[in-house]
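Try each task yourself before you read the solution.

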Amino acid sequence: MSMKFAVALAATAAVTLGAVVLTSQAAEARPEMVGMHGDTYSPGTIVVKTNERRLYLILDNGHAVRYPVGVGKAGKQWSGTTKIEGKYLNPAWAPPAEVKRDKPDIPDVIPGGSPRNPMGVAAMTLTGGEYAIHGTNVPGSIGGFVSYGCIRMLNDDITDLYSRVEVGTTVVVTR
């Protein structure tokens with residue numbers, strides 16, 4: 001699968017360009033070490049808890065690194081188990097049909113590195129081709145129900161997570 005195709009499909013859940021979600025306090029890049037008790041995930045697994053708007057990278061039995069995220073807005077949320085299929089730095093983005101239909105004035109391709117690119121500094125596409133875990137150039141959106149289904153992270157946080165995981169990493173999304 002070509003990178004452009006993979007990123008375009010993964011971005012079905014991409015951010016709404018220009019949208020800013022007002023929160024009481026802007027999210028800051030701050031991966032934190034936390035306890036994870038009661039959940040039985042293998043070390044190295046990424047767990048996204050949509051209702052918490054948090055992503056956890058399981059380190060061992062009882063410990064994880066936690067990041068704030070933006071998740072799918074109403075009607076765009078999903079749950080299930082998948083894997084990281086590809087990893088891309090500064091990916092170009094082509095809006096999927098659903099986004100293009102909702103926002104017909106969006107360019108057909110936004111180059112990587114552009115401040116208008118909703119993928120931010122990095123993207124990790126998920127098996128199935130519809131969604132990705134990616135950065136954002138709209139940091140105020142982190143912590144909200146804001147995407148078309150993708151998991152959106154602060155650019156510093158996606159950079160940290162990107163360095164910790166490999167293609168093939170299991171991703172579990174729960175509501």
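Two strands count as paired if DSSP finds at least two bridges between them. Helices (H or I, at least four residues) and strands (E, at least two) are DSSP runs, numbered from the N terminus. You're looking at a predicted model, where local features need pLDDT of at least 70, side-chain atom pairs count only at pLDDT 80 or more, and totals for chains, interfaces and linings use all residues. Residues are numbered from 1 along each chain as its sequence is written, and side-chain values use heavy atoms, with hydrogens and water left out.

**Exercise 1.** Work out how many helices and strands the protein has, and in which order they run.

Solution. Start with the count: there are three helices and eleven strands. Now walk along from the N terminus, and you get α-β-β-β-β-β-β-α-β-β-β-β-α-β.

**Exercise 2.** Trace how β2, β3 and β4 are joined.

Solution. 
- Step one: β2 and β3 run antiparallel, with four bridges between them. Val47 has Tyr56 in β3 as its bridge partner.
- Step two: look at the turn. Four residues separate β2 and β3 in this hairpin, and Arg53 in the turn has a positive phi of about 55 degrees.
- Step three: go on to β4, which is antiparallel to β3 and joined to it by six bridges. Here Tyr56 is partnered with Arg66 in β4, while Ile58 stands opposite Ala64 in β4.
- Step four: this hairpin has two residues between β3 and β4, and Gly62 in the turn shows a positive phi of about 115 degrees.

**Exercise 3.** Find out how β1 pairs with β4.

Solution. Strand β1 (residues 32–35) pairs with β4 in the antiparallel sense over four bridges. For one example, take Gly35: its bridge partner in β4 is His63.

**Exercise 4.** Which residues have the most contacts inside the largest nonpolar core?

Solution. First, the terms. A nonpolar core is a set of buried Ala, Val, Leu, Ile, Met, Phe, Trp, Tyr and Cys residues joined through side-chain atoms within 4.5 Å. Buried means under 20% relative accessible area (1.4 Å probe, protein chains only), and contact means heavy atoms within 4.5 Å.

Next, the core itself: it has 32 residues, and Ile46, Leu55, Met124, Ile133, Met153 and Leu161 have the most contacts inside it. β7 gives the most to this core, with four residues.

Finally, zoom in on Met153: leaving out residues up to four places away in sequence, its contacts include Leu55, Ile133 and Leu161. There's also a second, separate core of six residues, among them Val34, Met36, Tyr56 and Ile58.

Notes
Buried means under 20% relative accessible area, exposed over 50%, partly exposed in between (1.4 Å probe, protein chains only).
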